[in-house]
Amino acid sequence: MSMQVSRDQVKRSECSQEVIGAMEDFLWTLIGSGNRESIVSRLMACGDYAKPYLDVVNGNDLSNTISAAVSYYQYVRLVRGEVRINRDYLADIDDDLVNPATVYSYIVDRMTHALKAQDYVTAGFLADLAFIARSYMLCVSNGGSCDWIRRAFKVRVLILRRFSNY
């Protein structure tokens with residue numbers, strides 16, 4: 001019995017990493033780069049664990065789930081034009097994270113302005129960027145391999161810039 005539990009935990013851990021990688025690759029497909037079919041195959045290999053993420057890739061509404069997949073779905077909704085963000089708050093964000101502390105502070109400042117203007121949708125996307133920028137800073141300070149976090153930040157900024165519409 002304990003051997004089965006251990007194997008299930010290993011598979012879940014492997015799937016967790018695979019799902020994150022697949023979903024980060026999926027964001028690139030939103031701006032015309034990447035292979036959607038390969039992403040679907042990677043997610044399907046993880047079975048039920050990946051179901052909410054498959055729903056995102058397939059464009060299905062996630063209103064009945066509590067999952068990290070909801071964050072990715074917001075980008076799908078933005079690309080579809082179902083939500084709108086103000087491009088003015090995105091100006092001057094360094095998408096390469098050359099100086100992550102400065103970028104983080106700037107994003108938090110922009111998010112504060114969006115909240116004061118009651119632009120909660122834009123503020124939500126800026127909060128996502130701030131979280132990733134902060135995660136990158138922590139990763140770098142711990143000496144980790146952080147390129148995937150920088151890439152995750154960049155794709156989100158590119159999507160926001162391309163699909164911001166007021």
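This is a predicted model: local features need pLDDT of at least 70, side-chain atom pairs count only at pLDDT 80 or more; totals for chains, interfaces and linings use all residues.

Residues are numbered from 1 along each chain as its sequence is written, and side-chain values use heavy atoms, with hydrogens and water left out.

Asp 109 forms a salt bridge with Arg 110, their closest N and O atoms being 3.7 Å apart; the term denotes a side-chain nitrogen of Lys or Arg within 4 Å of a carboxyl oxygen of Asp or Glu. Arg 110, at 16% relative accessibility, counts as buried.

How many salt bridges does a search of the whole structure find? The search returns 12. Among them is the pair Glu 18 and Arg 42, at 2.5 Å from N to O. Glu 18 lies in helix α1 and Arg 42 in helix α2, so this bridge ties together parts that are 24 residues apart in sequence. Helices here are DSSP runs of H or I with at least four residues, numbered from the N terminus. Both residues count as partly exposed, Glu 18 at 29% relative accessibility and Arg 42 at 24%.

A further bridge joins the side chains of Arg 77 and Glu 82, at 3.4 Å from N to O. Arg 77 is partly exposed at 24%, and Glu 82 is partly exposed at 40%.

I turn now to the disulfides, defined as pairs of cysteine sulfur atoms within 2.5 Å. The count comes to 2. In one of them, Cys 15 is joined to Cys 46 with an S to S distance of 2.4 Å. Cys 15 belongs to helix α1 (residues 2-29) and Cys 46 to the loop between α2 (36-44) and α3 (51-57), so the bond ties together parts 31 residues apart in sequence. Its S-S torsion is about -100°, so the disulfide is left-handed. Cys 15 and Cys 46 are both buried.

Cys 139 and Cys 146 are also joined, at 2.1 Å from S to S. Here the torsion is about -95°, so this disulfide is left-handed. Both Cys 139 and Cys 146 are buried.

Conventions. Helices (H or I, at least four residues) and strands (E, at least two) are DSSP runs, numbered from the N terminus. Buried means under 20% relative accessible area, exposed over 50%, partly exposed in between (1.4 Å probe, protein chains only).
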